[in-house]
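Work through the following exercises with the sequence and the 3D structure open beside you. Try each task before you read its solution.

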Amino acid sequence: MGSRAALFVLVLVLCYGLAMAVSFVGDEEWRGEKEGGEEDWRREREERERGREREETEEEEETEDWFLLQDSKDVVKTDAGEMRVVRSLGGRIVDRPMHIGFVTMEPKSLFIPQYLDSSLILFIRRGEAKIGYIYKDALAERRLKTGDVYRIPAGSAFYLVNTGEGQRLHIICSIDTSESLSLRTFQSFFIGGGSYPTSVLAGFDRETLSHAFNVSFSQLREILSRQREGPIVFVEDSRSPSVWAKFLQMKQQDRLQHLKKMVPDDFQEEPVHRQEELTWSWRKFLNSMLGKESKRKDDKGAGKSPDSYNLYDRRPDFSNNYGWSVALDESDYDPLKHSGIGVYLVNLTAGAMMAPHVNPSATEYGIVLGGSGTIQVVYPNGTSAINAKITEGDVFWVPKYFPFCQIASRTGPFEFFGFTTSARKNRPQFLVGASSILRTMLGPELAAAFGVDEERLREVVDAQQEAVILPSTWAAPPDDRKKKKMFARMPRIIKSFGNDMIMGSD
Ligand SMILES: *[C@@H]1O[C@H](CO)[C@@H](O)[C@H](O)[C@H]1NC(C)=O
Ligand SMILES: *[C@@H]1O[C@H](CO)[C@@H](O)[C@H](O)[C@H]1NC(C)=O
Ligand SMILES: *[C@@H]1O[C@H](CO)[C@@H](O)[C@H](O)[C@H]1NC(C)=O
């Protein structure tokens, strides 16, 4: 009887859901045609035409040109190559704004390691390329040739090398801004860099970095000041002729090493996974509705509602001498799937630091539960967005893609808890430490990106033996002034979403 009632409820729920979905679509269509859509269309078209009259008065333009995207901009232009982006119109008529990028790279050039807030689908129009990118925490390298198509997800660090002998490399790519910080543009975050472009690392406070890397200021300065050639550089260069030679010489061994890490072509993999998950969870849902799966019976009156989950009972996902962290996602606790929210808890010992890292797929909200510490957040252009002291009760948030770190004060443990706006595995990407992107990507390409030789870079990148939670002998002295600054500066992070942020080439 109970299960029949449950089935009835389920059918009702499904019918209601279906009806809602249909009426929602209907509404949208109706509104799209009758109200907003046409007006947006006309207004944007008029604006465009007015703009064009202003700019090119002598030239007669056909109105059909509305369908020709002409808003093009060089986002990178160096001796070694360029990237031009044709922007989509945006607005309501465009269901999914997408920009089109054109990358041209001279022979023996490198597009230095970076990640974007948009996903790319590359098409090798002409030439040969090697792409290196972080896939499931390992470096995957692939050789691409004319006609190849390859996808780089938003938030994944990657680099591109023109491997064609004496041949220019032409790539056309889609830049899908649906996950970006601002739909109108996309933003690039450079891992390597110096004075041009600036590495996102430069936005952290120098004591913090020096402790995170476990190296001296001067070693750091050397790494973070050499590169001034722009985002696309020659890897064979009069200043450092050894880099390319070393690369050629190392290739064999490199290849062998990376062969193990190579991943199969797996565009298909995730959707299939998703589907399995979906059917699996439907079955589970049905089973639980029909009462076939009920484990705990000690909660009186809880009926078939899902169990709760205790964060403190869970074994830490990560733990070392300097602290521990727990992250709960939908694979651990099913109900999170429906809200699309993840939960985490971190406990740092006095003076310890959560290494500088990035959330590639989730915005993070944090609440300080105990102790005090410092939070540093870095803008995409490698300047500091905030460096402030936080104490019990403070709430902070960090947009996805923005590098950040938390440091416990020396007076005691620092405990914070929070939410991430993704119920799927978030896979934070660490910039510093034994499990960092820098360590994974260490090689001639990364060295060229910093404009130093590989040995020098290796010294810096390998100095820190700990991962994720790092010891730190330094901690900010208690300072009330800083706290005020945090609240004054927070709105600036928020505001920056509204601004047009163009690839960090300015
Ligand atoms: C956090 O760690 C400290 C020791 O470093 C410990 O005293 C405290 O109980 C921990 N907090 C929680 C919630 O486990
Ligand atoms: C970096 O970006 C932030 C936020 O967009 C901006 O306020 C700041 O002026 C920029 N700094 C530089 C040096 O471009
Ligand atoms: C920092 O570097 C020193 C050597 O310079 C090494 O002995 C020490 O173990 C390193 N510390 C960490 C935490 O990696």
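**Exercise 1.** Determine in which order the 6 strands of the open sheet follow one another, and which of them stand at the edges.

*Solution.* Begin with the order, which is S1-S2-S3-S10-S5-S8, with antiparallel pairing throughout the open sheet; strands here are DSSP runs of E with at least two residues, helices are runs of H or I with at least four, both numbered from the N terminus, and two strands pair if DSSP finds at least two bridges between them. Next, look at the ends of this order: strand S1 (72-78) and strand S8 (149-152) each have a single partner strand, so one side of each has no neighbour in the sheet. From one strand to the next, the twist averages 20 degrees, where axes are lines fitted to C-alpha atoms and angles run from 0 to 180 degrees between N-to-C directions. Finally, take one pair: strand S2 (residues 81-86) and strand S3 (residues 98-105) are joined in the antiparallel sense over 6 bridges, and Val 85 lies opposite Gly 101 in S3.

The model is a predicted one, in which local features need pLDDT of at least 70 and side-chain atom pairs count only at pLDDT 80 or more, while totals for chains, interfaces and linings use all residues. Residues are numbered from 1 along each chain as its sequence is written, and chains are lettered from A and ligands numbered from 1 in the order in which they are written.

**Exercise 2.** Find where Lys 108 and Val 468 are located, and decide whether each counts as buried or partly exposed.

*Solution.* Lys 108 belongs to the loop between S3 and strand S4 (109-116), and its phi, near 55 degrees, is positive although the residue is not glycine. A residue is buried if 20 or more other C-beta atoms, placed from the backbone, lie within 10 Å of its own, exposed if 12 or fewer, and partly exposed in between. Lys 108 has 19 such neighbours and therefore counts as partly exposed. Val 468, in the loop between helix H9 (454-462) and strand S24 (469-470), has a positive phi of about 65 degrees; because it has 23 C-beta neighbours inside 10 Å, Val 468 counts as buried.

**Exercise 3.** Locate the cis peptide bond that joins Tyr 196 and Pro 197.

*Solution.* Go to the loop between strand S11 (188-190) and helix H2 (206-213), where Pro 197 has its place. The bond between Tyr 196 and Pro 197 is cis, with omega about -5 degrees.
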